[in-house]
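Subject: Structure handover

Hi,

Here is the structure for you to look over. My notes come after it.

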Amino acid sequence: MTIIKYIILIILGIGGGAVISGAVFAFIAIIGIVPRLAEKTKTEKYVMFYENAIIAGGIFGAFTIFFNYYIPIGVIPVMLFGLFIGIFYGCLAVSLAEILDVIPILTRRTMLYRGIKYFIVALALGKALGAVLYYCADGFYSL
């Protein structure tokens, strides 16, 4: 009887993961982050490569959950990887904010018309400082 429970849990886990990952990829496609970044960087001919890289990254990420492995690449490549992930998430957040018109709504509600660029920079620096504290201060994260 317990083997049936495990089989059902495996099926539910894989099904739930497939639905969530499909929703994330659909979300990224709907907000148009890939074509927008390609347009801004004047690399429209590489859009298919960008989309395939995002899909490969999702598949690679799924494998990291299921399999415990170690790739000895060193500290600098890991730092670069973290930088690129941060850039991607930042672009994703900014494009989501742009799609949802967060900045115009924020300025209207708070009546903050002058200095909005300083407010946005302060938010970004606060996020960066929080990430640095998370990884550098004792008690937040351990390797």
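Below is what I found, from the overall fold down to single residues.

First, a caveat: this is a predicted model.

Overall fold. The chain has six helices and zero strands. In sequence order the pattern reads α-α-α-α-α-α. The radius of gyration is 20 Å, well over the 15 Å from the globule rule for 143 residues, so the chain is more spread out than a compact globule. The C-alpha trace spans about 65 × 40 × 35 Å along its principal axes. The accessible surface is about 12000 Å², and carbon and sulfur atoms account for 75% of that. Take the contacts between residues at least 6 apart in sequence: 47% of them join residues at least 24 apart.

Core. Seven residues form the largest nonpolar core: Ile 28, Ile 31, Ile 33, Val 34, Ala 38, Val 47 and Leu 92. Helices H1 (2-31) and H2 (33-40) supply at least two residues each. H2 gives the most, with three. Within the core, Ile 28 touches Ile 33, Val 34 and Leu 92, and its other contacts are Ile 54 and Phe 88, leaving aside residues up to four places away in sequence.

Helix H2. Its buried residues are Ile 33, Val 34 and Ala 38. They sit on the same side of H2, because they cover an arc of only 130° around the axis. The general rule behind this: an α-helix has 3.6 residues a turn, so residues three or four places apart point the same way. After H2 comes Lys 42, with a positive phi near 60°.

Thr 43. This residue lies in the loop between H2 and helix H3 (47-66). Is Thr 43 buried or exposed? Thr 43 is buried, because its relative accessible area is 17% and the cut-off is under 20%. Its side chain makes a polar contact with the side chain of Tyr 50, at 2.8 Å. Not counting residues up to four places away in sequence, Thr 43 touches Ala 38 and Tyr 50. Ala 38 is also one of the core residues listed above.

Ala 128. Look for this one in helix H6 (residues 116-136). Ala 128 is partly exposed, at a relative accessible area of 40%.

Best regards

Note on methods. Residues numbered from 1 in each chain as written. Predicted model: local features only at pLDDT ≥ 70, side-chain atom pairs only at ≥ 80, totals over all residues. Heavy atoms only, no water. Core = buried A, V, L, I, M, F, W, Y, C linked by side-chain atoms within 4.5 Å. Buried < 20%, exposed > 50% of the residue type's maximum accessible area, 1.4 Å probe, protein only. Helix = DSSP H or I, 4+ residues; strand = E, 2+ residues; numbered from the N terminus. Contact = heavy atoms within 4.5 Å. Arc of directions from axis to C-beta. Polar contact = N/O pair within 3.5 Å; in protein donor to acceptor, adjacent residues only side chain to side chain. Rg over C-alpha atoms; globule rule 2.2 N^0.38 Å. Areas by Shrake-Rupley, 256 points an atom, 1.4 Å probe, with all protein chains shown as cover.
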